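I opened this entry to keep a record of what I looked up, going from the whole chain down to single elements.

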Amino acid sequence: MRLVKYIAIAIINGFGVVIGIIWVAVPTTVAQPSLNYQLALSGRQSEGETPQSLSELYKLRDRLKVQLDNLAKTSDSAPFPGELWKSAINRQQSQTLTQQLQNVQSQIQIEERAKYNWDDAAKLAAQAVVIGRTSNPSSATWEESQRLWELAINTLRLIPHDSFLADRAIDKTIEYQGNLSVATYEMQVARSIEKIRAEEEEIRERARKEQEKKEIARREIERKEQEKKERARKELERQEFEKQELARKELERQELARKELERQEFEKQELARKELERQEFQRQELARQELERQELARKELERQELERQELARQELARQELARQELARQEVERQELARQELARQELERQELERNQQATSQPTPESTATPTPAPVTPAASPSNFLFVGDTNRDGQINQQDEAGKEQWSLSKGALILFNDRNNDRGKIPTWKQTKVSAPRRAAMLSQVNLTLSENFKTSQLFITADSIASPHISVFQKTGDGWQPVDISGAKPLVFSTNIVLGVEAKQFADRNWNGTVNLKATAQNNGQEIASTTIQMGVSPWMIAPNTAPVTEVQVSDRGSVNSEFISQLKQAVEPTGAKVKILQGDRTWMQDTQKNGYVQLPEKSEIRQFNVAIKSNSEPEKNPPLKSTQDRDLKVFKIGNPRSLDPVSQWSDGYGNLQVTPPIPGQPMGRVYYGNSGNASFNPEVLDFIQAQRIQGPPVDIDTSWLLTRQVDEIINFIPTQTPGQYVMAIASPEAGVKLLEELEGRGYGDVAINRGLSTETTVSAALKNRALIQHNLYLQNQKLNPIIEKLKREFLLGDDQIIQVPVMFGYSGYAWWPNMVNSVPVNGKLLVSNPRGPMIDGVDYTQERLRQLLLPAGVSVSFLDDRYYQELKGNVQSATNTVRKPEERPFWQSLPNNY
């Protein structure tokens with residue numbers, strides 16, 4: 001009866017007195033509403049309810065829609081005679097509810113716009129607060145804070161006056177205006193302070209310059225006085241020296257005449273000996289070439305036979321794979337047919353059940369629609385998406401733990417796999433069209449294992465926006481590896497065991513940290529029903545130190561000028577097990593053309609090692625990639641663009657100026673060091689690249705501004721000892737070079753020749769009398785080399801017993817005055833060193849013998865090579881060669897601390 005009273009009140013309010021009279025006049029039996037009519041009006045809102053928030057508006061809108069739907073259902077049934085008044089009431093009520101719904105929707109739009117403005121203003125205010133809390137904020141900081149407060153206030157003013165948020169917006173505007181005033185005041189104060197500081201700095205600078213001016217004047221007076229005294233002293237010395245020089249020259253002339261006769265006789269004998277040696281060498285060379293030709297022919301036959309066997313094996317493997325694939329497809333087809341029949345049967349049963357429910361409606365079924373079936377959430381057991389997280393070479397359930405957090409010591413690795421191999425003009429990572437992988441063996445595998453619950457779902461793989469341009473993903477199908485759309489626009493080919501391959505199109509660098517977040521998502525009808533993420537990272541590029549074993553030594557054939565050098569190089573290298581590769585071309589300084597490195601990837605039984613080299617940007621037409629004997633393993637890439645440097649500074653970018661130490665405390669993979677010439681340091685883009693690898697950095701800079709080539713390998717070299725894992729550091733020592741000459745003169749060998757056969761040939765005594773040269777080298781030791789030694793001891797934690805100071809002397813422009821024995825190449829227990837052409841004492845090169853004595857405790861075997869051609873060009877053995885070294889056998893991630 002209470003419901004009937006509410007209905008009567010609504011009718012009177014809606015239609016006035018006339019409808020009320022009709023209501024009274026209707027007989028009691030007619031006035032009683034039916035059960036369906038009561039259900040249709042049961043959801044009306046009471047007149048006293050007024051919405052006070054956006055959520056209440058939403059509820060009111062939904063109630064009005066329900067009332068309209070119920071009213072429409074009631075009006076569809078044909079009225080009995082005498083009940084036409086009900087139709088009129090329904091129409092009027094429908095119009096009223098429709099008008100109310102329109103009003104509510106209009107108010108909702110106002111409130112939604114107001115809420116948007118409110119949230120926007122709050123975000124701006126939060127940014128302003130963060131900026132205002134910056135330590136030691138400047139005027140620019142406060143100016144930015146002021147701008148944000150003004151934007152927040154203007155945004156609040158956009159809130160309509162008839163919104164629920166209008167009053168709160170006014171209060172918040174007042175609050176923001178107060179904060180705006182504070183920011184404005186702080187900005188003015190900061191500007192005043194900055195102005196005062198600038199004026200104080202200017203005053204101090206003027207005072208400093210005035211003091212410097214006075215000091216320079218005082219020093220100039222002292223210098224002139226000293227020069228006057230020095231000129232007088234030198235004049236006395238010169239007169240005395242001229243007197244002695246005349247006497248010495250007479251003696252020298254007589255001695256030279258005697259020696260000339262001896263020399264001519266010696267040369268005559270020497271020419272005869274060399275002719276015999278040349279004839280013998282030619283005979284041996286012809287025999288060796290014939291043996292090499294026969295060996296090459298034998299190897300070619302073996303290679304062809306191996307290729308034939310490999311092709312036959314691959315054909316058999318291909319046929320077997322094709323057979324297995326056909327069997328798998330047949331099993332999948334039968335399984336799909338079975339699942340389709342099961343799905344049709346379920347649909348038929350569902351249809352019958354729905355038809356039965358429709359033929360017998362109940363009040364409950366009319367009021368509450370049947371909910372759609374919901375797919376269960378994914379769990380690790382039925383939606384597994386993992387790579388080789390624990391780096392054991394296998395992908396299984398154990399890789400689920402920690403898969404979302406990558407570090408150098410843990411997490412799935414990706415390999416750099418540049419498909420262009422340095423041939424294209426556009427870097428691979430900038431190319432938008434993705435083709436099949438160039439080398440599938442270099443793909444990093446990721447598995448997506450699903451249950452049959454996802455058979456009807458669409459599966460997508462997406463990558464974070466920062467990493468997307470730098471990686472490619474492929475899916476392994478029956479047709480081979482197919483590219484995957486990682487934007488989320490195109491689904492994967494469904495399988496319960498999806499195999500993906502991921503490759504990186506570049507290493508980590510200054511613009512990308514080398515990590516990628518891959519997300520696997522399952523969707524039904526556009527709705528996400530399952531997802532999981534894995535984080536992967538690019539395996540870092542590393543340089544093998546000079547202490548690592550060598551597989552190949554590369555040298556350029558310069559014709560007859562370096563034929564003797566190449567011959568001696570082969571004699572020294574080949575017995576160690578390494579190969580010598582002779583390249584034709586115009587690259588004299590092989591060390592500068594590219595830096596050979598490597599990357600590592602885990603496998604089940606061992607680690608996979610790949611040779612990867614950075615190629616020089618200078619003169620690209622003259623510097624194609626230097627392929628090693630393991631050509632299939634070598635990847636070559638470039639960093640940045642060529643720099644415009646002056647002819648002297650351009651040597652700074654040569655890769656002889658980029659070196660790495662052996663493992664040192666705290667740096668298990670070694671630490672990179674390079675030469676810094678002040679005006680032109682080593683290429684900053686390459687240094688940033690090394691830093692981005694986060695494994696052999698941060699690089700240490702060494703002052704090479706005083707060297708002609710500006711390259712650090714001229715003065716520092718790490719040499720392995722006979723004890724595994726131990727090494728010594730050889731460093732150039734001009735002081736040791738001067739002492740060696742003084743020692744020779746003290747023993748009576750002042751007349752012995754040094755720099756024999758070179759353009760700088762002279763005698764020990766003549767070199768010592770060149771005081772400018774001696775003082776220059778002592779200056780280099782005190783002002784350059786000694787500070788470098790202290791820095792190396794500090795940065796690399798070296799002890800004095802690990803440092804060997806090799807006698808070297810430098811000319812005024814910074815070139816090695818005699819062949820530089822530091823610029824040497826360790827090769828599998830042997831050290832290849834420039835022949836210093838030192839003084840011959842009792843048939844032994846005194847300088848060579850000194851180096852052997854220095855290296856004797858380390859047990860290093862030394863081979864001296866005739867590099868006269870390179871010495872005259874101001875370079876030596878290491879500059880003239882390049883090496884391919886074996887990577888570290890121990891995986892880098894096992895050498896690093898956890899979460900490194």
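**Whole chain, then two regions**

I began with contacts in this predicted model, and I noted that, among contacts in the protein chain with a separation of 6 or more, 72% join residues 24 or more positions apart. I then looked up the secondary structure and found 17 helices and 28 strands in the protein chain. For burial, I read that 41% of the 900 residues in the protein chain are buried, while the accessible surface comes to about 50,900 Å², with 53% of that belonging to carbon and sulfur atoms.

Next I turned to helix α6, residues 139-156, and checked its length: at 1.5 Å a residue its 18 residues should span 26 Å, and because its end C-alpha atoms are 26 Å apart, the two values agree. I also looked up which residues of α6 are buried, and these include Trp142, Gln146, Trp149 and Ile153. As a reminder to myself, an α-helix has 3.6 residues a turn, so residues three or four places apart point the same way.

I then moved to an open sheet of 3 strands, which has the order β15-β16-β17 and mixed pairing. I noted that β15 (658-660) and β17 (700-703) stand at the edges with a single partner strand each, so one side of each has no neighbour in the sheet. The twist from one strand to the next averages 35°. Strand β16 (residues 672-676) pairs with β17 in the parallel sense over 4 bridges, and I recorded Asp701 in β17 as the bridge partner of Tyr674. Last, I saw that helix α13 (residues 771-796) lies across β16 and β17 and runs at about 165° to β17.

How values were computed
Residues numbered from 1 in each chain as written. Predicted model: local features only at pLDDT ≥ 70, side-chain atom pairs only at ≥ 80, totals over all residues. Heavy atoms only, no water. Helix = DSSP H or I, 4+ residues; strand = E, 2+ residues; numbered from the N terminus. Expected span 1.5 Å × (residues − 1). Buried < 20%, exposed > 50% of the residue type's maximum accessible area, 1.4 Å probe, protein only. Pairing = 2+ DSSP bridges. Axes fitted to C-alpha atoms, helices over the stretch in contact; angles between N-to-C directions. Contact = heavy atoms within 4.5 Å. Areas by Shrake-Rupley, 256 points an atom, 1.4 Å probe, with all protein chains shown as cover.
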